[in-house]
Amino acid sequence: MLKQTLTFQSAVSLSLKDRQLVIKPAGDDTAITRPIEDIGVVVVENQMVRFTVPVLNALAENNVAVVFCDATAMPRSILMSLDGNSTLQEIHRAQIEAGEPAKKRAWKQIIESKIKNQSLLLESLGLCGSPLRSLLAGVKSGDPDNREGRAARIYWSQIFGPDFRRERNGVPPNGLLNYGYAILRAAVIRALVGSGLYPAFGIFHRNRYNAFPLADDIMEPYRPMVDAIVYDLYSKGCLMLGKEEKMTLQRVLVCDVAMGEVTRPLQVALSMTTASLAKYYKGDTDKLQLPVLK
């Protein structure tokens, strides 16, 4: 079942009653309820949103990704369950014991999927994806010659022009990309925890200040799905991140992607990818289930 994404841009109080999320706007006695089990992501933008501890525990228990934004309404932190799967110890041990060759083979598959989706997006926009397909054909285990980076330079130059630089604090549409990736990252973390994987144990990304490097690994093939939405917004003249742009970007979680011969909403595809990674770590498969841009 597809899970809902709830965004709170005004002051509300959130509490729990009969396994329902109770939403009360500030200064208003009326209440709206939502079943906790129907929620996948909660985005808290307003700084005056209030929670009770039971509702936070219920959200964590149901593996809901709760994203907290800063004063500029950009995602800053996330509430993550520590017990999202009944086989945590077994899978965590497999993650820890995974050797470098296995990680490099997994990273090769991830980068191949990312470059393929970038080329598909360019071609769908009437741009040239053939240089990326040439790079894709030669990706080696661990991507030692950084074909990912070489593909990125070609990709960004084509999709947003030769002067565009992908930088967190860069010119538009970097702000739109930042927000879309943050929403995607939260959904990836949720899927990882649901599959019993610990997001702190990365495959390729390693940064002592990054609590979720595995999420940054797994989201790579899904980034072009965000890029497609940003391209559409940018081509329509949307340069700044407003309410409508945020709602549009959040819909990336329900966009269709191909998984093998079937089509799935992105949030379902993420669970398939993370479940395949858990099997990969345990030695039950040598292939990750990765998305193909529709």
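Why are W156 and F160 separated by about one helical turn? In this predicted model, the two residues lie four positions apart in helix 5, which covers residues 147-160, and that spacing is what places them about one helical turn from each other.

The rings of W156 and F160 form an aromatic pair. A pair of aromatic rings is described by the distance of the centres and the angle of the planes. For W156 and F160, the centres are 6.1 Å apart and the planes make an angle of 15°, and the pair is stacked. Both W156 and F160 are buried.

Ten aromatic pairs are found when the whole structure is searched. W156 and F160 are also members of one aromatic cluster, together with Y155, F164, Y231 and Y234. Another kind of ring contact involves a charge: the charged end of R223 sits over the ring of Y181, at 4.5 Å from the ring centre.

Turning to the strands, an open sheet is built from three of them, arranged in the order 10-9-11 with antiparallel pairing. Strand 10 (262-265) and strand 11 (292-293) stand at the edges, and each has a single partner strand, so one side of each is left without a neighbour in the sheet. Strands of a sheet pair through backbone hydrogen bonds, either parallel or antiparallel. Here, strand 9, made of residues 256-259, pairs with strand 11 in the antiparallel sense over two bridges. V257 has L293 of strand 11 as its bridge partner. A helix accompanies this sheet: helix 10, spanning residues 266-282, lies across strand 9 and strand 10 and runs at about 110° to strand 10.

Helix 3 covers residues 100-124, a run of 25 residues. From the first C-alpha of helix 3 to the last, the distance is 36 Å, close to the 36 Å expected at 1.5 Å a residue. After helix 3 comes G126, which has a positive phi, near 80°.

Terms used:
Residues numbered from 1 in each chain as written. Predicted model: local features only at pLDDT ≥ 70, side-chain atom pairs only at ≥ 80, totals over all residues. Heavy atoms only, no water. Pairing = 2+ DSSP bridges. Contact = heavy atoms within 4.5 Å. Axes fitted to C-alpha atoms, helices over the stretch in contact; angles between N-to-C directions. Phe/Tyr/Trp six-rings, centres within 6.5 Å; stacked < 30°, edge-to-face > 60°. Buried < 20%, exposed > 50% of the residue type's maximum accessible area, 1.4 Å probe, protein only. Lys NZ or Arg CZ within 6 Å of the ring centre and 35° of its normal. Expected span 1.5 Å × (residues − 1).
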